[in-house]
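Here are my notes on the two-chain model you passed along. Have it open while you read, and check each point against it.

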Amino acid sequence: MSVNSNALGEKKLKGRASLTDTNLLLIITIAVFIVMYLCAIIFLGKGFTKPQMFFNILNENASLLVLSCGMTLVMITGGIDISVGQVTCLVCMACAVNLEMKGGNVLTSMLIALGIGLAFGIVQGFLVAYLEFQPFIVTLAGMFFAKGLTTIICSDRISVTEPGFEALSKTEVSLPFIGSYNKAGEFIPAFAEIGVIVALLVVALLFCLLRWTKLGRNFYAVGGNNQSANMLGINVKLTKFLAHVLCGLCAGIGGYLFFLHARSGSPLHATGAEMNAIASSIIGGTMLSGGVGNIVGTLFGVLSLSTIKNIVTSLGLDDPWWTNITVAAMLCIFLLVQSVILARKNNNKK
Amino acid sequence: MTTSENELSSGNSAKGFFSKLVSNQLFIPLAALLLLVIFNLIADPTFFKISLEPSSTGYFILSGNLISIIDNASELAILAIGMTLVTSASGGQDISVGSAIAIAGSVVLRVVKGYSDGISGGEFAGIMIGAFLLCVAVSALFGAFNGALVAYFKIQPMVATLILFTAGRSIAAWINNNENISINDMRFGYFGNFLPAIPIPTPVFISALCMIIIAVVLKVTNLRLYSQAVGINASSSRLNGINPKTIKLLTFIILGVCVAVCGFIKVSRTSSITYAVIANNIEMDAILAVALGGNNLGGGKFNMTASILGAYVIQFLTTTLYKFKVSSSAISAYKAVVVILLIIMSAPIVRKWITDQKNKRAAARLRKEAA
């Protein structure tokens, strides 16, 4: 009896400890987002109070959201994938060429996008998981490979005018009850692009995957401690492999969403997207050391990042370099916070 | 049992020379170089022609593919020096070197442009020295920033340098207000092109100087021993009285200085700067050079000669690809394939598999002989 209650108490304690660990970072993220949005409302006027402004942020960043979710998965297992940005670029170019020059339709272009994403995921996952290379080196090579391949396919900008695709990309979903009133007092519902729906669907699916499935728990276990996960009978290699495959798939989907939004293919598309995705995940409370992370946090990470970008541009600092510098500064701050938290945790253990 | 082992070892010593050759760290870059040379000889024998021709300034200069390879590889060779040290001590690579070169070049141009209007010869030399020193200081500062994140905050090197990788080119543009600055003074181009009356490009001399300096430093100081010790096991080296944090920081600062020299050469080559393009993809080449030199990318022991040789091999590869009309942006795809092949070859698992196969075969042969 006493043993039983002891075990129960331990379990409770452990549960609470991990709760504070993950949730502290999540709470920080949500707080940062709210503070930032309030700042935007206070300093930049009423534009930010309109629901449409909020949905515009989502409209513009649907692809980043999906990319970040994939990145979060890989980072939870303790890896990283910096090829996603250039894979996005490659997907855009391949789809554009398929639609404009090879007479493809929406379906073939979607298949191409998913195929490219899966191919990158499988190859990189195999190299990382089964041949045990550093994920950074492998995905750096993947990034440059995708970059080169994009310009080999076509080195110019291609605008897509295929009617079926255009109809799909211009589809807007009006939201019930959410919207604003114009000067005449008419109700204008806020709208979201179709990409946002897909992105939110991906978020929901991955959230369920991480929360309630065996695979999701395995991701955390592998990231938390490789060896003990192995001793628990988890197939560590397969888990890492699957994380990279899912991330590749997310890159394919995210790439197609980017393509839907941009309606063109160009070697300059999605430059620095991998950086934004990593920054969003880190801001969202995913630890680089693995084992800690949350898809909801990533969602808020993307929102915070996009809000601060909007603030920077609305402040009149619209010279192209300011957004990059702000993102880098934010990433730096959050990395330092993580490092401090980690150091404190280690001290507590001692 | 013992006899079979003895026979095995004697069989190995018979092939001793060959296996020693293969296991030498210089073997991979030299073999790659030989492969490229043979390939080029077959494809186009005139590839290696060197000629002495008058340049636009009236002096005779050497020209030819070989000269341009040695010339253009200078920056990479200098970077490989710093990158090898960083790899050895911290077990990761700095991916911000390209962006940092943009910053260094931008600093040089700003200083020279700001002070050089209507100035006599002697003062111009002073300005050049001042610009160089400032650019070294700035680059060392950024190196220290990266190093502090890695050493004191224990962030993985590649993620820590990702910050500067993103922000670097933007900072470079910001330094000069995104203006396209170009320097008209002929003397500014001496360091990236040719000195008057000397037929060999100046960067060759600069890189040679850097190599001599690093050779002396490695010979005289304990830098090699310390950084290897930190890379192999940081906590045990700390117990032995080495401060791993200082060593890591120091290697990043050294890389910063290398970056400054590269930036100086780069802007001197064209007397101008394009923020988005300058030293594009050079981080990939620098890492590739270290990998090609057979150095373990996970830290620890290193061979500086092999890394530098690796840099020249990569430039050889690049020039060969250019020769076959591969566009400059598509080259990265081919290089990525080379990287993947290299890391597959150097992977511990694959190596173990190969040695296992070898041992199996040897054992099988022994059994056959015994029968």
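**Notes on the helix packing and the chain contact**

1. H3(A) and H10(A) make a right-handed crossing (a crossing is right-handed if the near helix is turned clockwise from the far one by less than a right angle, left-handed if anticlockwise). H3 covers residues 84-100 of chain A and H10 covers residues 236-262 of chain A; they pack at about 55 degrees with axes 8 Å apart. Axes here are lines fitted to C-alpha atoms, for helices over the stretch in contact, and angles run from 0 to 180 degrees between N-to-C directions. Helices (H or I, at least four residues) and strands (E, at least two) are DSSP runs, numbered from the N terminus.

2. Before going on: this is a predicted model, where local features need pLDDT of at least 70, side-chain atom pairs count only at pLDDT 80 or more, and totals for chains, interfaces and linings use all residues. Residues are numbered from 1 along each chain as its sequence is written, while chains are lettered from A and ligands numbered from 1 in the order in which they are written.

3. Back to that pair: H3(A) and H10(A) count as oblique to each other, because angles under 35 degrees are roughly parallel, over 145 roughly antiparallel, 65 to 115 roughly perpendicular and the rest oblique. On the H3(A) side the contact includes A:Val87, A:Val91 and A:Cys95, and on the H10(A) side it includes A:Gly252, A:Gly255, A:Phe259 and A:Ala262. (Contact means C-beta atoms, placed from the backbone, within 7 Å.) By class there are 10 nonpolar, four polar and no charged residues. Ala, Val, Leu, Ile, Met, Phe, Trp, Tyr, Cys and Pro count as nonpolar, Asp, Glu, Lys and Arg as charged, and the others, Gly among them, as polar.

4. Over in chain B, H4 (residues 65-90) and H12 (residues 282-292) have axes that come within 9 Å and cross at roughly 65 degrees. That puts H4(B) roughly perpendicular to H12(B), and the crossing is right-handed. Among the residues involved are B:Leu76, B:Ala80 and B:Met83 from H4(B), with B:Ile282, B:Ala286 and B:Val290 from H12(B).

5. Does the length of H13(B) agree with its residue count, or disagree? Its 20 residues (304-323) should span 28 Å at 1.5 Å a residue, and the end C-alpha atoms are 29 Å apart, which agrees. The expected span is 1.5 Å times one less than the number of residues. After H13(B) comes B:Lys325, with a positive phi near 60 degrees.

6. The chain contact takes 36 residues from chain B and 32 from chain A. H14(B) gives the most on the chain B side, with 11 residues. That side has 25 nonpolar, nine polar and two charged residues. The predictor gives the complex an ipTM of 0.73 and a pTM of 0.81.

7. A word on confidence: mean pLDDT (the predictor's confidence in each residue, from 0 to 100) is 81 for chain A and 83 for chain B. Where pLDDT is low, the predicted coordinates should not be read in detail.

Notes. Two residues are in contact if their C-beta atoms, placed from the backbone, lie within 7 Å.
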